[in-house]
Structures are given as structure tokens and as C-alpha cells.
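Student: I have a model open and would like to learn how to read it. Can you take me through it feature by feature?

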Amino acid sequence: MKKIILLLLAAGGAAFAKKKMDEGKTEQALWAEATDTVHKS
């Protein structure tokens, strides 16, 4: 039973970390677009 609980906690932690990393990538992309000094014409 303890192994199942640990497995579920690990899976939940991994899902949370992936979500945070994806949010960070999205935020980084927005900042890169907002601060891009090269103007496309």
C-alpha cells in the first residue's frame, strides 16, 4: 500500500513540475516576442 501511495505522489509531483515548466516556456516565449528588437516588415 505504501508503494502505491509513493507512486501516486511521485506521479503527481512530476505532473506538477511539467505544468510549471510548460508555463515557464509560455511566459518566456511571450517575453521574447514582447522584447524582440528585430522588426519584421
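Tutor: We go from the whole chain to single contacts.

Tutor: This is a predicted model, so local features need pLDDT of at least 70 and side-chain atom pairs count only at pLDDT 80 or more, while totals for chains, interfaces and linings use all residues. Residues are numbered from 1 along each chain as its sequence is written, and side-chain values use heavy atoms, with hydrogens and water left out.

Student: How many helices and strands are in the chain?

Tutor: Helices (H or I, at least four residues) and strands (E, at least two) are DSSP runs, numbered from the N terminus. Here the chain has one helix and zero strands. The C-alpha atoms fill a box of roughly 60 × 10 × 5 Å along the principal axes.

Student: What should α1 span at 1.5 Å a residue?

Tutor: The expected span is 1.5 Å times one less than the number of residues in a helix. For the 33 residues of α1 that gives 48 Å, and the end C-alpha atoms are 48 Å apart, which agrees. Ala29 and Ala14 are 15 residues apart in sequence and 23 Å apart in space, C-alpha to C-alpha.

Student: Why does α1 lie largely in the open?

Tutor: Of the 33 residues of α1, the number buried is zero, so the helix lies largely in the open. Across the 41 residues of the chain, buried residues make up 0%. Ala29 is partly exposed, at 45%.

Student: Which residues make the nonpolar surface patch?

Tutor: Patch members have over 30% relative accessible area and no salt bridge; nonpolar side chains (Val, Leu, Ile, Met, Phe, Trp, Tyr) are joined within 5 Å, like charges within 9 Å. Met1, Ile4, Ile5, Leu6, Leu8 and Leu9 make this one, about 710 Å². Leu6 sits in α1, residues 2-34. Leu6 counts as exposed because its relative accessibility is 58%.

Student: How many salt bridges does the structure hold?

Tutor: The test is a side-chain nitrogen of Lys or Arg within 4 Å of a carboxyl oxygen of Asp or Glu. The structure holds two. Asp22 pairs with Lys18, with the closest N and O atoms 3.0 Å apart. These two are four residues apart in α1, so about one helical turn separates them. Asp22 is partly exposed, at 34%.

Student: Where do Glu23 and Lys20 lie?

Tutor: Both are in α1, three residues apart, about one turn of the helix. Glu23 is partly exposed at 39%, and Lys20 is partly exposed at 47%.

Note on methods
Areas by Shrake-Rupley, 256 points an atom, 1.4 Å probe, with all protein chains shown as cover. Buried < 20%, exposed > 50% of the residue type's maximum accessible area, 1.4 Å probe, protein only.
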